[in-house]
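Here is a short report for a first look at this structure. It covers a pair of helices and a sheet.

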Amino acid sequence: MADSERAILESGLASLSIPYSDHQITLLLRYLDLIERWNKAYNLTAVRGRENWLVRHLLDSLAVLPFLRGKRVIDVGTGAGLPGIPLAIMQPATLFSLLDSNGKKTRFLFQVQTQLALSNVTIIDARVEAYRPAKTFDVVISRAFGSLTKLVNICEHLLSNNGCYLAMKGAMVEDDVMTLQQSAADGRLMTSVHALTVPGLDESRCVVELAFMRGQE
């Protein structure tokens with residue numbers, strides 16, 4: 001089982017042109033072990049089966065890696081740590097803050113952080129509206145947060161002047177993008193939709209990149 005899972009990950013990362021080490025593959029698989037151990041009690045994911053987790057959780061999360069920038073990233077509504085934990089494993093020089101208001105899930109994430117010794121990860125148990133960081137972030141990322149308008153409206157205080165949002169979505173995002181553009185009709189909003197190809201997944205994925213033209217602080 002472990003060898004076949006390792007082969008799926010290695011093949012998927014190669015398809016995504018993401019360099020990896022044996023240690024990183026081991027950490028990703030240990031993360032799945034922790035999800036499996038905690039899932040029944042903590043309701044971490046509705047997706048069933050480790051092979052599905054490899055594709056729908058790990059490779060799906062890592063497909064956005066080429067669009068990350070800067071040194072500080074916050075994963076809003078991280079849940080079981082997706083995409084934040086896989087990204088933090090693969091990009092150890094970047095600081096990742098994982099925010100969620102579900103206490104069970106943040107307790108799980110503390111276990112992940114401790115057992116995998118992820119020194120570049122900070123866990124935040126808070127509602128995003130109430131969280132006031134000492135320093136803003138280069139990227140605000142979300143994988144299942146709701147509409148783009150909601151993401152921008154309640155997370156703008158987290159974003160640095162030159163930062164961007166990365167909203168991971170399925171195929172149908174045109175209406176969501178149009179609604180956001182209409183609500184930001186002052187021309188400050190820059191929107192790019194990037195198609196993502198997730199190895200082993202026969203479904204459309206994309207990431208919506210959003211940035212605002214703002215004055216200097």
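## Strands and helices

In this predicted model, Ser142 has Ala167 in S5 as its bridge partner. Strand S4 (residues 137-142) and strand S5 (residues 159-169) run in the parallel sense and pair over five bridges. Strands of a sheet pair through backbone hydrogen bonds, either parallel or antiparallel.

The sheet is open and has seven strands. Their order is S3-S2-S1-S4-S5-S7-S6. The pairing is mixed. Strand S3 (121-125) and strand S6 (189-196) are the edge strands, each pairing on one side only. On average, neighbouring strands of this sheet are turned by 20 degrees against each other, direction ignored.

Helix H6 (residues 148-155) packs on this sheet. H6 touches strand S1 (72-76), S4, S5 and strand S7 (205-212).

Now the helix pair. Helix H2 (residues 22-42) packs with helix H3 (residues 50-62), their axes 11 Å apart. The angle is about 125 degrees. H2 and H3 are therefore oblique to each other. H2 passes H3 in a right-handed crossing.

Which residues of H2 meet H3? They are Leu28, Leu29, Tyr31, Leu32, Asp33, Ile35, Glu36 and Asn39. On the H3 side, they meet Arg50, Trp53, Leu54, Leu58 and Leu62. The residues of this contact of H2 with H3 divide into nine nonpolar, one polar and three charged.

The table sets out the angles.

| Elements | Angle |
|---|---|
| H2 and H3 | about 125 degrees |
| H6 and S5 | about 150 degrees |

Key: Residues numbered from 1 in each chain as written. Predicted model: local features only at pLDDT ≥ 70, side-chain atom pairs only at ≥ 80, totals over all residues. Heavy atoms only, no water. Axes fitted to C-alpha atoms, helices over the stretch in contact; angles between N-to-C directions. Helix = DSSP H or I, 4+ residues; strand = E, 2+ residues; numbered from the N terminus. Parallel < 35°, antiparallel > 145°, perpendicular 65-115°, else oblique. Left-handed = near helix turned anticlockwise from the far one by under 90°. Contact = heavy atoms within 4.5 Å. Nonpolar A, V, L, I, M, F, W, Y, C, P; charged D, E, K, R; others polar. Pairing = 2+ DSSP bridges.
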